[in-house]
Amino acid sequence: MPPTAPDNALAERAHQRRTARRYPGRRRPTSRPPQARHGLRLGPKPRLPFAGAVGTLLLLGVWALASATGTLSPRTLAPPWTVPGTFWHLWTREGLAQHVAASLRLALASLAIGVAAGLVLALLSGLSRVGDALIDGPVQVNRSIPWYVLVPVAISALGIGDTMKTTMIALGVYLPVYLNTHAALRRIDARYVELAESLGLSRWTFVRAVVLPGALPGFFLGLRLATTSSWLALVIIEQINATRGLGYLMNQAQSYGQDDVVIVLVVLYTLLGLISDFLLRALERRALSWQRSLGS
Amino acid sequence: MAEEPGVVNPAVRVRGLTRLYGTRTVLDGIDLDMARGEFIALLGHSGSGKSTLLRALTGLDHDTSGHGELRVPDRRAVVFQDARLLPWKRVAANVTLGMRDTDARRRGQQALDEVGLSAHARAWPGRLSGGEQQRAALARALIRNPELLLADEPFGALDALTRLQMHALLRTLHARHRPAILMVTHDVDEAVLLADRVLLLDRGRITLDRTIGMPSPRDPATPAFADHRTAFLTALGISPQDRQQNTSGTKN
């Protein structure tokens with residue numbers, strides 16, 4: 001039986017009585033769209049506006065408040081408002097731009113080499129059984145070696161120059177690319193293999209049209225992890241025998257107890273990480289635009 | 001099989017086909033002739049061997065052993081129960097997947113026209129409904145001009161209304177292109193509605209083989225249709241009482 005108008009009016013009044021009981025003293029909106037009284041909404045609700053920034057700004061506020069009231073001594077942690085001034089000083093007097101450029105050059109060159117190496121190795125071992133037999137074992141062994149213990153080995157083999165630094169960062173970068181791309185290549189959906197066979201695709205067409213695009217999400221996952229690794233490796237490697245770069249500034253600041261400079265450098269590293277992640281996400285959205293047609 | 005149909009120059013010729021998975025016999029001496037352009041529906045319970053027979057004809061059965069004579073045309077196409085479109089390729093590229101001809105694009109567009117999807121050529125498959133995806137899969141099969149079209153429960157995942165539309169489309173396409181079609185289904189009405197001949201597979205043997213011989217499009221309300229339906233349901237072990245639960249004459 002379709003609900004009639006009086007029924008609706010009755011239900012509406014009953015609803016108002018119930019809500020009034022539940023929320024005494026609170027005014028109900030006078031009109032609401034006709035709908036059945038709903039149960040608890042348990043699914044995720046839309047995010048609050050600026051949800052990503054709220055927590056961060058709150059922490060900054062706590063830091064500033066603690067510094068201002070003297071709860072946090074400047075010797076423990078420099079107050080946040082020193083950052084712009086110190087930054088300006090470093091930029092105009094200490095040639096911060098060149099140091100940032102030097103660090104970026106090292107990081108990007110090593111990242112490029114590491115990503116290329118990880119990708120090529122993953123393709124060789126993911127697409128051929130000979131490659132798998134030759135490559136996958138050593139890489140798995142490499143995976144279980146903590147990256148940091150290779151630093152002295154690299155120094156004794158390659159010295160303390162840029163060759164060693166690039167090699168070490170690339171070593172930290174290639175692993176996540178290799179592991180995730182290789183896993184994605186191996187996980188190729190058996191249904192698509194069957195389809196390719198039924199269509200009589202050549203091996204090359206199969207790889208190009210089915211295997212590689214199917215592994216692309218895995219590659220991007222590896223790439224994002226690799227970028228994070230590259231910044232981490234940069235921080236550590238740069239401080240070895242540094243004459244320029246952010247690591248050099250960090251060394252200097254530590255030696256001379258310039259806490260405000262340390263904070264500025266931490267902020268810079270944070271910005272580099274955030275910007276690179278933002279760029280990679282944008283690239284991934286473009287390359288994997290088909291994925292948005294699946295989920296939502 | 002009761003007798004040799006004696007087809008001249010058949011599209012498919014199968015003699016004494018046996019397939020084993022390990023030690024279990026899944027197909028037990030199948031004989032089958034399919035005339036060119038003949039539409040055969042293959043009925044049977046789960047595990048009766050229908051999919052195995054279909055896979056034997058597609059050449060996709062790598063991990064089985066067995067023997068027998070099997071002659072199938074080179075130009076074959078398969079339609080799976082899931083449309084199996086590559087999600088990272090647009091609909092048109094899915095249809096022409098692996099085609100090298102210079103006019104593949106034009107023919108792809110033509111095939112999409114035929115299945116009523118020309119407006120979606122540039123869409124991602126994930127944006128299409130289940131029925132539209134299966135239409136695209138049909139276009140992908142037809143563009144290869146198959147002499148033999150193998151369909152493994154092609155409409156099994158679709159809702160009842162979409163299924164009716166797809167039946168009409170498949171009839172039209174069959175009439176126009178005349179490939180031999182072997183369609184696996186567990187829907188008796190679908191089999192009798194569409195096929196020239198319906199086979200029943202039971203424990204790896206063909207136990208019933210009826211030529212439907214009614215003009216198309218067929219009306220499920222006619223006595224001849226009911227006669228075929230009863231014969232296959234009985235052979236499938238569905239009693240008249242079971243059937244009374246479902247007197248509307250449509251899908252189960």
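The legends below describe close-up views of a predicted model. Local features need pLDDT of at least 70 and side-chain atom pairs count only at pLDDT 80 or more, while totals for chains, interfaces and linings use all residues. Residues are numbered from 1 along each chain as its sequence is written.

**View 1. The fold of chain A.** Chain A has 12 helices and zero strands, where helices (H or I, at least four residues) and strands (E, at least two) are DSSP runs numbered from the N terminus. Of the 296 residues in chain A, 34% are buried, that is, under 20% relative accessible area with a 1.4 Å probe, protein chains only.

**View 2. The side of chain A that touches chain B.** Here 20 residues of chain A are in contact with 21 residues of chain B, contact meaning heavy atoms within 4.5 Å. Together the two chains bury about 1,900 Å², 64% of it on carbon and sulfur atoms; buried area is the accessible area (1.4 Å probe) that two parts lose on being put together, summed over both.

View 3. Between chain A and chain B the rule finds three salt bridges, each defined as a side-chain nitrogen of Lys or Arg within 4 Å of a carboxyl oxygen of Asp or Glu. In one salt bridge, the side chain of A:R191 meets that of B:D82 at 2.2 Å, N to O. Helix 8 (190-198), helix 9 (203-238) and helix 12 (292-295) of chain A each supply at least two residues of the side that touches chain B, and the largest share, six residues, comes from helix 8 of chain A.

Technical notes. Chains are lettered from A and ligands numbered from 1 in the order in which they are written. Side-chain values use heavy atoms; hydrogens and water are left out. Buried means under 20% relative accessible area, exposed over 50%, partly exposed in between (1.4 Å probe, protein chains only).
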